[in-house]
Amino acid sequence: MRRLLARRMKFHLLGAFVVSMGCATIYKFGVAEPRKRAYAEFYKSYDPMKDFEAMKAAGVLECAPPK
């Protein structure tokens, strides 16, 4: 029973490190990268002036009343 805590702690620390790195990798390639690609694809064809005119025509903006 000597040094039982030390041996178990080494095992659990290594396991926790491996699991956390696995979760971080899965998040990066499963969530973050697809999100970056989706934003890049959206902003390739995004026209802010067109969007502003649409909001202005709909009466959403108080500072720019619709004509």
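V18 is located in helix α1, which spans residues 4–44 (helices being DSSP runs of H or I with at least four residues, numbered from the N terminus). The model is predicted, so that local features require pLDDT of at least 70 and side-chain atom pairs pLDDT 80 or more, whereas totals for chains, interfaces and linings use all residues. Residues are numbered from 1 along each chain as its sequence is written, and side-chain values use heavy atoms, with hydrogens and water left out.

V18 has a relative accessible area of 52% and is therefore exposed (buried denotes under 20%, exposed over 50%, and partly exposed the range in between, with a 1.4 Å probe and protein chains only). Together with L14, F17 and M21, V18 forms a nonpolar surface patch of about 420 Å² accessible area (patch residues have over 30% relative accessible area and no salt bridge, nonpolar side chains being joined within 5 Å). G22, also in helix α1, is partly exposed at 29% relative accessibility. The C-alpha atoms of G22 and A32, ten residues apart in sequence, are separated by 14 Å.

K56 belongs to helix α2, residues 48–58. This residue is buried but has no salt bridge, the nearest oppositely charged side chain, E53, being 4.4 Å away (a salt bridge requires a side-chain nitrogen of Lys or Arg within 4 Å of a carboxyl oxygen of Asp or Glu). Beyond its neighbours within four places in sequence, K56 is in contact with L61, A64, P65, P66 and K67 (heavy atoms within 4.5 Å).

Zero disulfides were found in the whole structure (cysteine sulfur atoms within 2.5 Å). C23 is partly exposed at 47% relative accessibility, while C63 is exposed at 73%.

Notes. Helices (H or I, at least four residues) and strands (E, at least two) are DSSP runs, numbered from the N terminus. Lys and Arg count as positive and Asp and Glu as negative; His and the chain ends are not counted. Patches are made of residues with over 30% relative accessible area and no salt bridge: like charges are joined within 9 Å, nonpolar side chains (Val, Leu, Ile, Met, Phe, Trp, Tyr) within 5 Å. Accessible areas come from the Shrake-Rupley method with a 1.4 Å probe; for residues, only the protein chains shown count as cover.
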